[in-house]
Amino acid sequence: MQQVILERPGKFRIQEKPEPAAGAGEALVKIHRIGVCGTDLHAFAGRQPFFDYPRVLGHELGVEVLSLPTDGAVPEGISVGSRCAIEPYLYCGECPTCRAGRTNCCHRLRTLGVHTDGGMQATFAIPVRLLHPSASLSFDQLALVETLGIGAQAVRRSQLSGAESALVVGAGPIGLAVIQFAQASGARVRVLEPNPLRRDFVARLGVEAAADWSGFDRQPADIVFDATGNLASMENSFDLVAPGGRLVFVGLVIGRVSFDDPSFHRRELTILASRNSAGLFPWIIQRIEQGVIDTQPWITHRLALSSVPDRFPELPGQPQLVKALIEVD
Ligand SMILES: [Zn+2]
Ligand SMILES: [Zn+2]
């Protein structure tokens, strides 16, 4: 079978490998779609922290079940031929954090396609507990569940209610995921985004967008989601929150974030971090099945698995890029 391996920054290579054998508790799946994420672009550029090469990328996966383990429990609704999303988070299940139900912040957490090899290949053997089926979603939709999860978790952490206002800073794929779940909560949602193409995209979702805060008459929001991963933006976001409000850092920056304490105290703000989405996959799949969340407009680029070494390097420079999907057919 074909596998695409990122040998070092800037260099993908295709290799032929024997099909993997499923171990105890593992399912064998055929990969149909692989979403390209910011993490993948950073790894290709050599900018992803704590990253080892060579690595098989791919953690946003729409798959078909080829075989199931006969030696253990198989999650409900999964049989050979089922279409599934893969939850790419390998948590230990034993540490106090996992036992408290916070598997998304397990301190031994490893992500498929980041810390261990992922899904840029034709078939894959993975623990069956990571599969989440849908009877009606397409492989395209299933490959976007993981990205959506980042937004779902951020909105869940914020406890945003329909009576509150939300401001999303940054409308890349992570910001878009936040926007969709914030909209679904019934809240008024506004977006700050300097890129006019992205602002147009957001406007088509029916969300108000401005290039900077003066575009909103400097009206603060009850909840601010910073989805930029940009230090200056994250520090600036403190000023956008209304008294008593919450600031959620969805994007991550490697470094220290500072803020003016009297201004923070005067408004009695709450800061929240949000990371991945372990545990939310069934709920997200249900929301897409219900039509509440629609990711079809996000898919702006498609490429075949075999063309990754040639075409992946073009992706970062594409101004219209929202989501690229790799097809394995
Ligand atoms: Zn991702
Ligand atoms: Zn753990």
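Author: Start with helix α5. Of its 12 residues, 10 are buried, so the rest of the structure largely encloses this helix. Keep in mind that this is a predicted model. The cut-off behind the word matters here: a residue counts as buried if 20 or more other C-beta atoms lie within 10 Å of its own.

Which residues of α5 are buried? They are Pro 173, Ile 174, Gly 175, Leu 176, Ala 177, Val 178, Ile 179, Gln 180, Phe 181 and Ala 182. The helix runs over residues 173-184. From first C-alpha to last, α5 reaches 17 Å. That is close to the 16 Å expected at 1.5 Å a residue. Just after α5 comes Gly 186, with a positive phi of about 90 degrees.

Now step back to the whole chain. It holds 10 helices and 17 strands. Of its 329 residues, 43% count as buried. Its C-alpha atoms fill a box of roughly 60 × 40 × 35 Å along the principal axes. A compact globule with 329 residues would have a radius of gyration near 20 Å, and the chain agrees, at 20 Å.

Next, look at a pair of helices. Helix α4 covers residues 145-158, and helix α9 covers residues 281-289. Their axes come within 10 Å and cross at roughly 105 degrees. Angles from 65 to 115 degrees count as roughly perpendicular, so α4 and α9 are roughly perpendicular to each other. On the α4 side, the contact is made by Val 145, Leu 148, Gly 149 and Ala 152. On the α9 side, it is made by Phe 281, Ile 284 and Ile 285. Six residues of this contact are nonpolar, one is polar and none is charged.

Ala 85 links to this pair. It is found in strand β5, residues 83-86. Ala 85 has 30 C-beta neighbours inside 10 Å, so it counts as buried. Leave aside neighbours within four places in sequence. Ala 85 then has contacts that include Val 145, Phe 281 and Ile 285. Val 145 belongs to the α4 side of the helix contact, while Phe 281 and Ile 285 belong to the α9 side. Leu 61, Gly 62, His 132, Leu 142 and Glu 146 are also in contact with Ala 85. Pro 18 is 67 residues from Ala 85 in sequence and 24 Å from it in space, C-alpha to C-alpha.

Leu 247 is another buried residue, with 24 C-beta neighbours inside 10 Å. Its place is in strand β14, residues 241-249. Beyond four places in sequence, Leu 247 is in contact with Val 224, Ser 237, Phe 238, Val 241, Leu 269 and Ile 271. Asp 222 is 25 residues away along the chain, and 8.5 Å separates its C-alpha atom from that of Leu 247.

Finish with Asp 52. Is Asp 52 buried or exposed? It has 10 C-beta neighbours inside 10 Å, so Asp 52 counts as exposed. Asp 52 is found in the loop between α1 (38-45) and β4 (60-67). Glu 16 is 36 residues from Asp 52 in sequence and 21 Å away in space, C-alpha to C-alpha.

Conventions. Residues are numbered from 1 along each chain as its sequence is written. Chains are lettered from A and ligands numbered from 1 in the order in which they are written. This is a predicted model: local features need pLDDT of at least 70, side-chain atom pairs count only at pLDDT 80 or more; totals for chains, interfaces and linings use all residues. Helices (H or I, at least four residues) and strands (E, at least two) are DSSP runs, numbered from the N terminus. The radius of gyration is taken over C-alpha atoms; the globule rule is 2.2 Å times the number of residues to the power 0.38. The expected span of a helix is 1.5 Å times one less than its number of residues. Axes are lines fitted to C-alpha atoms, for helices over the stretch in contact, and angles run from 0 to 180 degrees between N-to-C directions. Angles under 35 degrees count as roughly parallel, over 145 as roughly antiparallel, 65 to 115 as roughly perpendicular and the rest as oblique. Two residues are in contact if their C-beta atoms, placed from the backbone, lie within 7 Å. Ala, Val, Leu, Ile, Met, Phe, Trp, Tyr, Cys and Pro count as nonpolar, Asp, Glu, Lys and Arg as charged, and the others, Gly among them, as polar.
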